[in-house]
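Student: Could you help me learn to read a protein model?
Tutor: Gladly. Let's look at it together and take one feature at a time.

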Amino acid sequence: MKMASNGNKDQQKNILDNLRSIFGFKERQKNALPPKARFSIWYFLITIFLFTYLQQYFFSAKVETIPYSQFKQYIAAGNVGKLTIGPENINGTLKGEPVQKFTTIRVVDPDLVKDLDEHKVNYSGHYESKFLSTLLAWVIPIGLFFLIWRYAMKKMGPGMGVMSFSKSKAKIFAESETKVNFDDAAGIDEAKEELQEVVEFLSNPGKFQKLGGRIPKGVLLVGPPGTGKTLLARAVAGEAEVPFFSISGSEFVEMFVGVGAARVRDLFAQAAGQAPCIIFIDELDALGKARGMNVMGGHDEREQTLNQLLVEMDGFETNKGVIIMAATNRPEILDPALLRPGRFDRQVLVDRPDLKGREAILKIHSKNVVLSPEVDLHKIAGRTPGFVGADLANLINEAALLAARKDKEEVGITDFDEAIDRMIAGLQKKNRVMNAQEKEIVAFHESGHAIVAESVEHADPVHKISIIPRGIAALGYTQQQPTEDRYLMTRSELLDRLAVLLGGRVAEELVFKEISTGAQNDLQRATDIARSMVTEYGMSDRLGLVAYERPRQPMFLPEGFAPEKAYSESKAAQIDEEVARFVEEAHQRVLKILSERRNILDDLAHLLSQKESVQGEELRKMLSESNAGMANSSPEAD
C-alpha cells in the first residue's frame, strides 16, 4: 500500500510540474531570498488614479443634473421631496422608489422660497466651509511637492543635495588605485628626476626634517599639451603610495557666489585629514589667471576663489605631508602671487620628448599591440619630430585600427606610414577627384618642393611625395624627415627653408608660365620666416643687430599691453623692403636650381601623375643618375 501511495504522489507531482511549465509558473526555492522590493513613484500615481476611478464610477451614487426650468416643474407637480439650497447649486431628491438625486444651478429667483412653502417642500440652507478648499488648493500640492523632492534627493544620493555645492569635486584615488609609477612616464627623464625628491619626502619625511630642510609647498608642471603632466603627477602619487586628490581648475567656479572659495577650503580640509597625500590641480590657468585682467572690472567669483587658494597655501604647513601639484600649458598668464616662493616655488618643465624619448614612449604604448617584425620603432620615432606623448599614443592606436580594418594579423610598417600621413596631413580624400589640368599642376608643384629640398645643403631629406588630397585644403604634400632633433636654426638653414617653400610656386612659373592659388600657404610661411629673420633674429646686414619685434607679454597689470611697434614708419618701410629682398633672392635661387634640373622636374611630375605617391629613395636615385649622366657627357679637359 505504501508503494502505491508513493506512486500516486509522484504522479501528482509530475502533473503539477507539467502544469507549472505550461502556464509559466516557477516554484520558489525554500532557501531563496525574496526579491528586493523597489518603490517607484509610478506605483503611487497609478494607485491614486485607480482609487479615484472606482470611487467615481462604482461607489458614488449617481446624481442627475437637470435644468432650472425642469426643477420648477418638479416643484409645481409636487415631486420634490427634500432640498438643500447652496450659494451656487441646489441639491435635492425626488419622491418615489428608488430615491433619485438631482442637482441644478441656482439662478436669481425671488419667488423660490414662496413656491417651496406653497408646495410644502422640506428645504434647508448650506454653508460651504473654506477650510477644505484651502486644504486642497495649498496644503496638498505643497505636500506632494515635498514628497517628490524627498524622493529625488534619495535618488541623487547623500552627497548631491543643495548643501553639496560647497563640497569639493576632487576625485580621490587611494594608494592602491593609482597604479601608475615612473616606469609608465617615458621620455621625460629630467622631470622625473626633479620629482624624485618629492617622492622621497612623502616616503621618508624625517630625512629632510632632521637637517632642517623644507620641501617646496607647490610644484608646477609646465609644458605643451599632451606631454604627460597629469600622468607624471599620478606617477608621483603611485611611487610614494599616498592618496591622490585630482581636480580641474574649472571645477572650483560655479554660478553661485562663494562656492569656489568654499570648495577650496573643503579640498584642503580633506587633504589634511588624508595626509600624507598629493593635491593635483589640472589646468591651473582656468583658476589662477592674473588678477586685474577682467576688462569689466569688479571682484568676480574667479578672483575670490584664487584669493582663497593663495590664503590656503600660505597657511598650509609642509610638515603635514601634503604636496600641492598643478599643471598648465599657459604659465605666462598665471598670477605672479602663485609663482612666488612659498607657493608654487618649483617649476618643472615637461617638454616635448627627443628621439630617444619618443622611442621609449612608443615601446610603452605598443606593449599590447601585435607588431610585425619589420616594424622599427626607432625609425618611426625619427619620422615623428615634435610629437608629444599623446600624439604617439594616438599614432599607435591609429596604426592598429588601420590594420584591423584590413583584417591583418599584425600591425605592419605600411600601417604606421598611413597613420603618420593621417596625423600630419589629414584624412585622405578619396572622393575628391581633380581634373587632369589640376592634377598636373599639383604634380609639378610638389616635384618642385622635393627637388629643391634635395638640392640645397641644409634641408631635411625628402621621405615621401604625394598628390593625394588630404585634410581640408591640401591637394598634395612633400614630407621631409629630419635626421636629428634640432633646437637652433642658422641663417643658412633658414635661407634653405625659404627656398624649399618657394619650390612649388617657381615650378609652376617655369612649366606653365602661369601661377595658381596652391602656393598660398607656402608664401605665408616664407614671409613669416623672412620677417622673423629681419625683425627678431637680426640677420639683416642693412638693419643690423636690432630686434624690432617685442614678444607679446601677458597683461599682469591693469596698465595694458605694450605697443606692438616700437619703431618709426621709415624703419617699418625698410623692414618691408628687407623682407621682400630675402624672398626675392630665394626666388631667383630656386629658379636657377629648377632650370638646371628641368628634365628631372618633368620626369618626377609624370611619375607622380601615374603613381600618385613617390618615395624619397626614388627621387634620390633619379638625381644621382642625372648627375652621373651630366658628368659623363661633359667634355674632357685637354
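**Reading the model step by step**

Tutor: Met539 is buried, with a relative accessible area of 14%. Buried means under 20% relative accessible area, exposed means over 50%, and partly exposed lies in between (1.4 Å probe, protein chains only). This is a predicted model: local features need pLDDT of at least 70, side-chain atom pairs count only at pLDDT 80 or more, and totals for chains, interfaces and linings use all residues. Residues are numbered from 1 along each chain as its sequence is written, and side-chain values use heavy atoms, with hydrogens and water left out.

Student: Where is Met539 placed?

Tutor: Met539 is in the loop between H18 and helix H19 (569-596). Helices (H or I, at least four residues) and strands (E, at least two) are DSSP runs, numbered from the N terminus.

Student: Which residues is Met539 in contact with, leaving aside its neighbours within four places in sequence?

Tutor: Contact means heavy atoms within 4.5 Å. With those neighbours left aside, Met539 touches Met489, Thr490, Arg491, Leu494, Met533 and Phe582 in this sense. Take Thr490: 49 residues separate it from Met539 in sequence, and the two C-alpha atoms are 9.6 Å apart in space.

Student: Phe582 was on that list. What sits over the ring of Phe582?

Tutor: A charge sits over a ring if NZ of Lys or CZ of Arg is within 6 Å of the ring centre and within 35 degrees of the ring normal. Here the charged end of Arg581 sits over the Phe582 ring, 5.0 Å from its centre.

Student: How do I describe two rings together?

Tutor: A pair of aromatic rings is described by the distance of the centres and the angle of the planes. Rings of Phe, Tyr and Trp (its six-membered ring) pair if their centres lie within 6.5 Å; planes under 30 degrees apart count as stacked, over 60 as edge-to-face and the rest as tilted.

Student: How many aromatic pairs does the structure hold?

Tutor: There are six aromatic pairs. One of them joins Tyr74 and Phe102, edge-to-face, at 6.5 Å centre to centre with 65 degrees between the planes. This pair links distant parts of the chain, with Tyr74 in helix H3 (residues 68-77) and Phe102 in strand S4 (residues 100-105), 28 residues apart. Both Tyr74 and Phe102 are buried.
Now try Phe444 and Phe512: their ring centres are 5.5 Å apart and their planes are at 85 degrees, so the pair is edge-to-face. Phe444 is in helix H16 (residues 436-455) and Phe512 in helix H17, 68 residues apart, so this pair too links distant parts of the chain. Phe444 counts as buried at 3% relative accessibility, whereas Phe512 is partly exposed at 27%.

Student: Which residues do ring pairs link into a cluster?

Tutor: The cluster is made of Tyr68, Phe71, Tyr74 and Phe102.

Student: What about charged partners? How many salt bridges are there?

Tutor: A salt bridge is a side-chain nitrogen of Lys or Arg within 4 Å of a carboxyl oxygen of Asp or Glu. The structure holds 22 of them. In one, Arg346 meets Glu197, with the closest N and O atoms 3.3 Å apart. That pair links distant parts of the chain: Arg346 is in strand S11 (residues 346-349) and Glu197 in helix H6 (residues 189-203), 149 residues apart.
Glu617 and Arg620 also form a salt bridge, with the closest N and O atoms 3.9 Å apart. Both lie in helix H21 (residues 616-633), three residues apart, about one turn of the helix.
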